[in-house]
Amino acid sequence: MPEHFRIVEGGLRLSSVGLGTYLGREDEVTDAAYRRSIARAIERGFNVVDTAINYRHQRSERAVGAVMADLVGRHVLERDEVFVATKGGYIPFDGEMPRDPAGYFTETYLRPGLVRPDEVVGGSHCMAPDFLADQIDRSRANLGLATIDLYYLHNPESHLEAVDRDEFTRRLRAAFEALEDAVAAGKIARYGAATWNGFREPPDAAGLLMLSDVVAVAREVGGPDHHFRAVQLPYNLAMTEAFTRANQRIGKDTVSTLEAAKRLDVYVMASASVYQGQLTRNLPPVIAEYLPGLTTDAQRSLQFGRSTPGVGTVLVGMKSTAHVDENADVAGVAPIPWEKFKVLFSAAR
């Protein structure tokens, strides 16, 4: 269906369903499964691949890189036909859990001066400029890409658990300066924020991220042509806050995160679209009634997400080519129009 591809900035066309690479063991069997699934997903019309340097201790990025090198090397596709997004923020191990994690952290990050202890929160997260610059280069090497299409700051809201709002804003500004520098150097094309709780919190929560404030920091750093272009956040049949919760201030209005993103021209990628498998079975019959043309609950969950106004791409982890083929069939069905979506949403709740 034509609606499978969403046209965004500069004519960029992104598929309404993308492949995620979060779950799985850190072993060669899982690596091989991901390589097969990524290749099949691209073949079936998914041109968005999402990963992160800390997923499976860098092995997910390397699986993506292996597929890209193979398909581009064999001239099966051109580099610009696949949109690769990755993330940085969590301090990653390399291939497997080291015997001495503290020693690994000291030798890899502390001793070279890439990280200071006071820049780390929760024992695992950092968004200091030198750290991010290092992580971008590691991700580029893992992916085999000169330029990463989209680089997310991974769960920046975790710093709000350790520092006050002013210090958080200072850290965010420094991170965005590093990311704008990376854009200028051609290492990334654009950046964003991938969150779990940050944009879903109630209006009075201490950990709430205000998207307008985040974009304002990007404007301060990069000017009107800044490169903060996307957010990622959980959204599915069981987690609808991005659509239903009015927690974002835009001028005098208080709106949902999806509406705020629309007004601020920020693309939204929805993670956890099948809630790590929990929404692939036993959905209420009313869901099937209002989502015709589909045969499985996994497909219906994806259809719900990609039909929600304001959602650009729904991400789903797939380590099996059978699941890729099942989910790819959603692309052959048009998203349900707003009038029918409203009825479905009311019925589902």
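## Strand β7, covered on both sides

Let's start with strand β7, residues 191-194. Tyr 191 and Ala 193 sit on one side of β7, Gly 192 and Ala 194 sit on the other, and all of these are buried (buried means under 20% relative accessible area, exposed over 50%, and partly exposed in between, using a 1.4 Å probe and protein chains only).

Strand β7 runs parallel to β6, and 4 bridges join the two (strands pair if DSSP finds at least two bridges between them). Within this pairing, Leu 153 stands opposite Ala 193 in β7.

A quick word on ground rules: this is a predicted model, where local features need pLDDT of at least 70 and side-chain atom pairs count only at pLDDT 80 or more, while totals for chains, interfaces and linings use all residues. Residues are numbered from 1 along each chain as its sequence is written, and side-chain values use heavy atoms, with hydrogens and water left out.

## The barrel

Which strands make up the closed barrel? There are 8 of them, in the order β3-β4-β5-β6-β7-β8-β11-β12, with parallel pairing. On average, neighbouring strands of this sheet are turned by 25 degrees against each other, direction ignored (the axes are lines fitted to C-alpha atoms, for helices over the stretch in contact, and angles run from 0 to 180 degrees between N-to-C directions).

## Strand β3 and its two partners

Now look at β3, residues 17-20, which pairs with β12 in the parallel sense over 4 bridges. Gly 18 stands opposite Leu 315 in β12, and Gly 20 stands opposite Gly 317 in β12. Strand β3 also runs parallel to β4 (residues 48-50), joined to it by 2 bridges. There, the bridge partner of Gly 20 is Asp 50 in β4.

Where do the β3 residues point? Val 17 and Leu 19 go one way, Gly 18 and Gly 20 go the other way, and all are buried.

Rolling a probe the size of a water molecule over the atoms shows where empty space is left. The largest pocket holds about 840 Å³ of space. Its lining has 37 residues, and the closest to its centre are Tyr 22, Leu 23, Ala 272, Gln 276 and Gly 317. A pocket is found on a 1 Å grid over the protein atoms alone, as an open set of points with protein on both sides within 12 Å along at least five of seven lines; a cavity is a set where a 1.4 Å probe fits but cannot get out, and lining residues have an atom within 4 Å of a point. Grid points are joined across faces, edges and corners, and the volume is the space filled by probe spheres set on the points. Both β12 (313-317) and α11 (321-328) supply at least two residues of the lining of the largest pocket. That lining divides into 14 nonpolar, 17 polar and 6 charged residues (Ala, Val, Leu, Ile, Met, Phe, Trp, Tyr, Cys and Pro count as nonpolar, Asp, Glu, Lys and Arg as charged, and the others, Gly among them, as polar).

The second largest pocket has a volume of about 430 Å³. Of the 26 residues lining it, Val 8, Tyr 267, Val 268, Gly 310 and Gly 312 lie nearest its centre. The elements β8 (228-234), α8 (257-264), β11 (267-271) and α10 (297-307) each give at least two residues to that lining. Its residues divide into 14 nonpolar, 4 polar and 8 charged.

## Two positive phi values

Most residues other than glycine have a negative phi. Asn 155 isn't a glycine, yet its phi is positive, near 50 degrees. Asn 155 lies in the loop between β6 (150-154) and α5 (165-184), and counts as buried because its relative accessibility is 15%.

Tyr 275 also has a positive phi, about 55 degrees, although it is not a glycine. Tyr 275 is in the loop between β11 and α9 (285-290). Is Tyr 275 buried, partly exposed or exposed? With a relative accessible area of 27%, Tyr 275 is partly exposed.

## Two side-chain contacts

Thr 30 lies in helix α1, residues 28-43, and is buried at 10% relative accessibility. The side chain of Thr 30 makes a polar contact with the side chain of Asp 27 (2.7 Å). A polar contact is a pair of N or O atoms within 3.5 Å; within protein, one must be able to donate a hydrogen and the other to accept it, and residues adjacent in sequence count only if both atoms are side-chain atoms.
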